[in-house]
Amino acid sequence: MSFFKKLKDKFILDPFEQDLKELEQEQTEDLEEQDMGLDDAKVEDDEKDTSVKETDEKPPEEELTETEEEAPVEQLETDWEEPAKLEEPEAAPAPPDEDTKPEIEEPEPNIEGREKSIAAKFRIGLTKTRDSFSGKINDLVARYRTVDEDFFEDLEEILISADVGVTTVMDMIDELQLEVKRRNIKDTRQVREVISEKLVEIYYGDDDSEEIEGLNIDHDGLSIVLFVGVNGVGKTTTIGKLAHQLKSEGKNVMLAAGDTFRAGAIEQLDAWGERVGVSVVKHSAGSDPAAVIFDAIQAAKSRDADVLLCDTAGRLQNKVNLMNELSKVKRVIEREVPTAPHEVLLVLDATTGQNAMSQAKTFSEATDVSGIVLTKLDGTAKGGIVLAIRNELEIPVKLVGLGEKVTDLQQFDAHAFVYGLFADMVEAHDEEKEQ
C-alpha cells in the first residue's frame, strides 16, 4: 500500500461512515423538530382552552352592537400575546458555560465533512507551513522531470528553510537517495510520497510501534507535571488548556503558581484556574518557588488530586543560578513524591525556529526533559522544527498548539502532522494515478 493511500485511509472518512454520520445528524434534527412541534401543539391547545373560557364567561356579549363586539375580540388577542411571550424564555437555550464555550462555539473543522477531527485540526493549524513547504516541493517537482543530483540539492534547501535542521536534512537526503534508487523512481512526482514517508520514519526512528506518545499519568496516585521554559513561550496558557482537558476527562486537577518572579504570572494562572474550575496554590510575588511547589504537593495529597500541574519562572538558558533553582524545585518534588515528576515538559515557541533548539538542548541537560510542548505551530511556516527536535535531541513532542482556543492544544501525532503538510497532495494522489 502506498504511503499516501495509508494516510488517506487513516484520516479521511470513507463514504459509508460519512453517510452514517449524516444520517445520525438528520435523525437528531428530526427529533428536535418533533419536540418543537409538540411545543407548538401545546401552545395551540392552550389558546383554544383560553378562547373557550372567555366565550363561556361572557355569553351576554352576543346581544351587543357591532361596534361593541370589536372590543372583546381585541382584548382576547392582547391577552394571548402575554402567554406567548412567557413561553419564549423557556424555549430559548441556556447560555453556555464559559469553560465549555470554546467547544460549543467552535465548528467541527472537517474539510468537506470527510476528515477526522484530529487530521482536520492539523491541516488547519499547519496551513502556513503547508503553503510554504508543500508549495515549494510542488514547484520543485514542476521544474524537474527526472530525479537527479540537482533535484536533491534544491530539495535540501527547501527542507532547511522549513527548519527541519541541517543534521536531520542531511540524514534524510541520504535516505531519500537510497530509497529512490531502490524503487527505481524516475518521475519526480513519486518522490513527494517518499518524502512524506521518510518524515514519519525520522520522527519515530527505530520505534516500529509508531504509537502516539501520550502524557505519563499515574492512574493509581498523584501525578506531577513540571513545566519549564523561557518567558513568552505560552507556558502558563498551556497549563490552563491542559488543565481543561484533564478535567474534562474526569480528573481532579490542581495548579501550582511556581512562577513567582514574572509580573502578573500568578494572577494569570489564577485566572485560568477560575475559568477552568480548578484550585490554584499560590504565594505572594517574589516567594520561594520551591516552597510554593511543596505546599501545592501537600494540598494535592490532602484533597486527593489526580494531577498537579506546576508552573515555573521563565528561565534564561544562560543564567546558571536560575537553572540551579529549577533543579532545587525538582529535588523537592522527588523528595515528596519519589516517582515524580512524572513529566518534565519543556514549552517552546515554534516561531523561534532554531533558537528553540538551543533552549531544548540547555533545558534537557539541566532538568531531564521528558517531552516537548510546541506552541504557536499555527503561526509559523517552519513547522519542521518538530522533526529536528525529535531527531537531534531524541525528545518526543507530546503536545502542540494549533490555535488560540482552549481546545486547540493537541496530542502530537506524526502521521497527522505529515498529513497536515501533504493534505493537498494526498487528495490529488488518486487523480494523478488515473492520468
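Me: Before we start, what does buried mean here?
Reply: Buried means under 20% relative accessible area. Keep in mind that this is a predicted model.

Me: OK, is F417 buried or exposed, and why?
Reply: F417 is buried, because its relative accessible area is 1%.

Me: And F412, buried or exposed?
Reply: F412 is buried, with a relative accessible area of 3%.

Me: How many aromatic pairs turn up in the whole structure?
Reply: Searching the whole structure gives four aromatic pairs. One of them is Y144 with F151, where the ring centres sit 5.7 Å apart and the planes are at 85 degrees, so that pair is edge-to-face.

Me: What about the rings of F412 and F417?
Reply: Their centres are 5.6 Å apart and their planes are at 50 degrees, so the F412 and F417 pair is tilted.

Me: Back to Y144, why does that one count as buried?
Reply: Y144 has 18% relative accessibility, and the cut-off is under 20%, so Y144 counts as buried.

Me: Which residues of α7 are buried?
Reply: In α7 the buried residues are F151, F152, L155, I158 and L159. They cover an arc of only 115 degrees around the axis, so they sit on the same side of α7.

Me: What's on the face turned away from the buried side?
Reply: That face of α7 carries the exposed residues E149 and E157.

Me: Does the α7 span agree with what it should be, or disagree?
Reply: Helix α7 (residues 149-161) has 13 residues and should span 18 Å at 1.5 Å a residue; its end C-alpha atoms are 19 Å apart, which agrees.

Me: What comes just after α14?
Reply: D368, which takes a positive phi of about 55 degrees.

Me: Last topic, which residues form a nonpolar patch on the surface?
Reply: I160, V166 and M170 form that patch, with about 240 Å² of accessible area together. M170 lies in helix α8 (residues 166-183) and is partly exposed, at a relative accessible area of 36%.

Technical notes. Residues numbered from 1 in each chain as written. Predicted model: local features only at pLDDT ≥ 70, side-chain atom pairs only at ≥ 80, totals over all residues. Heavy atoms only, no water. Patch = residues over 30% accessible without salt bridge, like charges linked within 9 Å, V, L, I, M, F, W, Y side chains within 5 Å. Areas by Shrake-Rupley, 256 points an atom, 1.4 Å probe, with all protein chains shown as cover. Salt bridge = Lys/Arg side-chain N within 4 Å of Asp/Glu carboxyl O. Helix = DSSP H or I, 4+ residues; strand = E, 2+ residues; numbered from the N terminus. Buried < 20%, exposed > 50% of the residue type's maximum accessible area, 1.4 Å probe, protein only. Phe/Tyr/Trp six-rings, centres within 6.5 Å; stacked < 30°, edge-to-face > 60°. Expected span 1.5 Å × (residues − 1). Arc of directions from axis to C-beta.
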